[in-house]
Amino acid sequence: MELPEKFKERMKELLQDEYEQFLASYEKKREYGLRLNTLKDIPKELEDSLKDMFGLEPIDWCKTGYYYKEASRPGKHGFHEAGVYYIQEPSAMITAEMAQVEPGMKVLDLCAAPGGKSTQLACKLQGEGLLISNEINKLRAGILSQNIERMGVKNAIVTNESPGHLAEKLPEFFHCVVVDAPCSGEGMFRKQNNMTKAWENNGVDLFVGLQRSILKEAVTMLKPGGSIIYSTCTFSKEENEQSIEYLLSLDDALELVELPLIAGF
């Protein structure tokens with residue numbers, strides 16, 4: 001695929017000796033993934049049948065995650081509409097796994113649509129505690145609500161609010177806040193070719209201020225001792241490492257916590 005020259009220059013500077021290996025990855029086929037829904041009682045026989053039907057192979061960093069063969073198209077099957085599984089990028093499954101959510105917690109997914117991370121967090125809660133899944137875009141909030149319902153999540157509230165308004169109403173309320181932030185989408189180039197044109201038009205600067213404004217409100221809603229999980233689908237330092245540095249500057253009580261590595265990631 002044709003990558004923007006400015007993007008290639010930035011990545012070469014960032015990756016140095018690993019740049020050629022990174023560039024070669026765009027010539028490889030992308031992976032497809034789904035995650036089984038533990039909120040629904042899936043008999044062992046059905047799970048085995050799904051593995052045969054879709055050619056499922058386990059994803060190392062998510063016990064309920066599987067690669068599937070593209071030609072099998074599980075998103076077109078009735079089991080998908082019944083909420084037996086959620087179609088999700090394998091790499092996207094890492095965020096909820098790292099969140100270390102446990103039953104009984106109050107959890108906020110602040111930028112939640114279309115719902116992959118929210119429904120995965122709901123599986124971690126196992127029906128106990130509270131999940132608030134927020135999406136500021138009204139249309140996308142509707143899609144989020146549909147997916148929450150389809151997956152059978154009973155302890156979730158879907159909201160269509162700005163982070164600032166939520167922070168006014170829910171200060172120091174959540175044990176865990178997940179911020180899968182709007183970003184320049186560099187990690188989406190292979191999946192959506194139109195993302196390269198959007199990147200050329202917007203770059204990373206458009207999103208940095210937005211990400212920081214979201215993180216500022218996320219801190220307000222965090223209980224003392226709670227955790228913020230920040231993720232993007234982009235590579236830039238401005239949107240990742242520098243956003244974390246900004247987050248840590250907001251409050252002396254904040255610290256960067258090193259979590260255990262997840263196998264295979």
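How much space lies in the second largest pocket? About 240 Å³. Ground rules before we go on. This is a predicted model, so local features need pLDDT of at least 70 and side-chain atom pairs pLDDT 80 or more, while totals for chains, interfaces and linings use all residues. Residues are numbered from 1 along each chain as its sequence is written, and side-chain values use heavy atoms, with hydrogens and water left out.

Now the terms. A pocket is an open set of points on a 1 Å grid over the protein atoms alone, where a 1.4 Å probe fits, with protein on both sides within 12 Å along at least five of seven lines; lining residues have an atom within 4 Å of a point. The volume is the space filled by probe spheres set on the points, which are joined across faces, edges and corners.

Back to the second largest pocket. Its lining has 13 residues. Nearest the centre are Cys-62, Lys-63, Thr-64, Glu-97 and Lys-124. Two elements give two or more residues to this lining: β3 (62–67) and α6 (116–125). Helices (H or I, at least four residues) and strands (E, at least two) are DSSP runs, numbered from the N terminus. By class, the lining splits into 4 nonpolar, 4 polar and 5 charged residues. Charged means Asp, Glu, Lys and Arg; nonpolar means Ala, Val, Leu, Ile, Met, Phe, Trp, Tyr, Cys and Pro; the others, Gly among them, are polar.

On to salt bridges: a side-chain nitrogen of Lys or Arg within 4 Å of a carboxyl oxygen of Asp or Glu. The structure holds 10. Here are three of them.

First up, Lys-44 and Asp-48, at 2.9 Å, N to O. Both sit in helix α3 (residues 44–54), 4 residues apart, about one turn of the helix. Lys-44 is exposed at 52% relative accessibility, and Asp-48 is partly exposed at 29%. The cut-offs: buried is under 20% relative accessible area, exposed is over 50%, partly exposed is in between, with a 1.4 Å probe and protein chains only.

Next, Lys-117 and Asp-180, with the closest N and O atoms 3.2 Å apart. This pair links distant parts of the chain, helix α6 and strand β8, 63 residues apart. Asp-180 is partly exposed at 22%.

Last, Glu-89 and Lys-191, at 3.3 Å, N to O. Glu-89 is in the β4–α5 loop and Lys-191 in the β8–α9 loop, so the pair ties together parts 102 residues apart in sequence.
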